[in-house]
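Biologist: Could you walk me through this structure and tell me how each conclusion is reached? I would like the cut-offs too.

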Number of protein chains: 2
Amino acid sequence: MSTPRPDFGPAAHAELALLLEVAGTPKPGNVDRTHDFADLRFEQFLAGAVGGRPGLDAAADPDGPGVGRSFERAVAGMSQQAGGNTQFGCLLLLIPLVRTATTGMLSRDRVERVVESTTVDDARAFFMAFDHVKVAVGDPPEGLDALDARRGADAGEAAAARGLTLFDVCLLSVPGDGNAAELVRGCPRAFRAADRMLADDGPAPDRVARTFLRLLGDRPDTLVRTEHGATVAREVRNRAAACADLDDAGRLAADLRERSVNPGTTADLTAAATFVALERGLPV
Amino acid sequence: MSTPRPDFGPAAHAELALLLEVAGTPKPGNVDRTHDFADLRFEQFLAGAVGGRPGLDAAADPDGPGVGRSFERAVAGMSQQAGGNTQFGCLLLLIPLVRTATTGMLSRDRVERVVESTTVDDARAFFMAFDHVKVAVGDPPEGLDALDARRGADAGEAAAARGLTLFDVCLLSVPGDGNAAELVRGCPRAFRAADRMLADDGPAPDRVARTFLRLLGDRPDTLVRTEHGATVAREVRNRAAACADLDDAGRLAADLRERSVNPGTTADLTAAATFVALERGLPV
């Protein structure tokens with residue numbers, strides 16, 4: 001049932017990855033096709049994906065504005081719905097992946113080089129993206145209050161004054177931020193998860209849900225750690241690892257939902273893995 | 001909870017309309033957020049919407065190729081998923097609506113004029129779109145076998161030899177085709193439904209589902225008539241009209257699903273109404 005997708009360039013695949021990510025169910029603790037939160041709803045993720053497209057297109061344009069400004073544009077568009085932050089972290093991973101796929105082979109090595117070659121301007125634009133939408137982030141490293149991402153463009157100027165590139169900013173964020181850790185290492189978890197997604201079978205949203213569950217059972221989610229502490233993050237990891245199938249995941253979903261525990265970083269990784277899998281022929 | 005969407009031009013709103021249409025549930029007889037068919041699945045509508053985007057962008061480009069070629073391009077991209085025809089009829093309504101919104105005010109009069117001003121080339125490209133995907137259509141009018149849309153590009157050449165514009169082709173199709181009837185009249189049902197959708201309240205997908213139900217109860221669906229005959233089409237209309245709310249619609253959905261009765265033309269009208277509502281500020 002595989003259908004070639006010659007008209008789907010990297011930007012289209014990235015948008016479709018955002019849509020498939022939210023279509024996969026159950027994804028314990030997250031909004032999905034059959035779960036809304038009171039103030040964050042499925043259709044706001046649909047609008048977030050459509051709104052992010054111009055930024056994804058910019059990342060896929062060889063003559064475009066580069067990773068940082070493409071990301072800032074994607075976040076600006078994503079934010080034009082009433083739910084707030086739907087896919088900030090997804091876009092943070094997807095933009096460099098799209099850039100990599102646009103400029104050559106989509107491999108870990110090349111993602112690493114794309115992220116390493118980011119500039120001071122990319123870092124400045126990255127911080128500007130925080131002015132578009134409220135994002136849950138951990139405290140900045142000791143002595144680096146000026147770089148607190150919640151300061152948005154001001155933090156961008158502080159980073160520029162220090163000559164920091166987006167790669168440097170990611171390195172500084174690694175301890176508390178799973179997405180930064182992924183980016184500086186060429187997205188190893190996303191690539192591994194994509195391989196397993198391609199080796200899996202069944203409809204794409206089911207593969208997405210199983211990918212999410214495996215990633216959640218693999219390592220503590222850093223958004224859960226930021227919002228609920230390390231103990232809860234480990235508990236969620238262990239319980240996900242103990243799920244044998246999506247039925248078990250459904251029971252975990254009900255519990256996390258009740259406790260407002262939202263493993264958002266794992267959703268980001270799932271979207272990134274889905275993008276890599278789509279680029280490599282995941283059937284839809 | 002309304003959020004401005006300055007970055008959502010007509011093409012983005014049209015893509016979002018396609019996504020919201022399939023996110024509305026229950027939509028009796030159709031694929032939606034909680035209903036797949038064995039051979040036609042929710043995620044294939046997501047991919048169809050993303051794949052249709054380049055054609056929608058072409059329609060939104062003042063220097064673009066015009067209605068017919070934009071439609072053909074949208075259908076080509078929509079077809080790059082394994083489910084077959086997901087949104088052919090939706091795109092047939094959306095492309096002229098996007099063109100109208102791009103070139104001035106989005107009003108019934110102006111839609112009518114956009115459709116009236118289509119050319120022989122638009123008609124030729126319209127028929128070419130049928131070569132990308134299998135579409136259920138009624139038999140052509142008596143003596144017009146050469147214009148049977150199922151012949152694709154060959155029918156396009158036959159239409160061109162007769163000097164027919166896309167408007168002429170729509171006029172010929174009016175008796176059996178609800179979308180053609182809508183197009184030659186400036187989409188009156190879509191505009192009326194959009195007004196009611198804007199006056200409604202609640203989340204966008206619920207408004208979409210109620211719009212679908214009202215349209216289905218308003219007039220017999222022409223795809224149901226083509227596939228199951230006039231008696232079934234009237235029965236479905238009457239039963240939809242008797243539904244007091246979405247719970248009733250859920251019961252009708254279970255029955256239509258079992259009988260494989262698919263009111264596809266009503267889904268097309270719903271997508272068109274959703275587009276008009278989004279252009280006029282429907283909150284998401």
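Biologist: What makes you say that the copies meet through the same surface?

Modeller: 100% of the interface residues of chain A are also interface residues in chain B, so the copies use the same surface. Two residues are in contact if their C-beta atoms, placed from the backbone, lie within 7 Å. By that rule 35 residues of chain A are in contact with 35 residues of chain B. The largest share of the side of chain A that touches chain B, 9 residues, comes from α2(A). Helices here are DSSP runs (H or I, at least four residues), numbered from the N terminus.

Modeller: A caution: this is a predicted model, where local features need pLDDT of at least 70 and side-chain atom pairs count only at pLDDT 80 or more, while totals for chains, interfaces and linings use all residues. Residues are numbered from 1 along each chain as its sequence is written, and chains are lettered from A and ligands numbered from 1 in the order in which they are written.

Biologist: How do you know how the two copies are related?

Modeller: Superposing by least squares on the C-alpha atoms of residues with pLDDT of at least 70 in both, chain A can be laid on chain B with an RMSD of 0.0 Å by a turn of 180 degrees and a shift of 0.0 Å along the axis. The two copies are thus related as by a two-fold rotation axis. In chain A, the C-alpha nearest that axis belongs to A:Arg33, 3.3 Å away.

Biologist: Why are A:Val111, A:Val114 and A:Val115 called buried?

Modeller: A residue is buried if 20 or more other C-beta atoms lie within 10 Å of its own, and these three, in helix α5 (residues 108–116) of chain A, are buried. Seen down the axis of α5(A), its buried residues fall within an arc of 95 degrees, so they line one face of the helix; the arc is that of the directions from the helix axis to the C-beta atoms.

Conventions:
Buried ≥ 20, exposed ≤ 12 C-beta atoms within 10 Å, placed from the backbone. Helix = DSSP H or I, 4+ residues; strand = E, 2+ residues; numbered from the N terminus.
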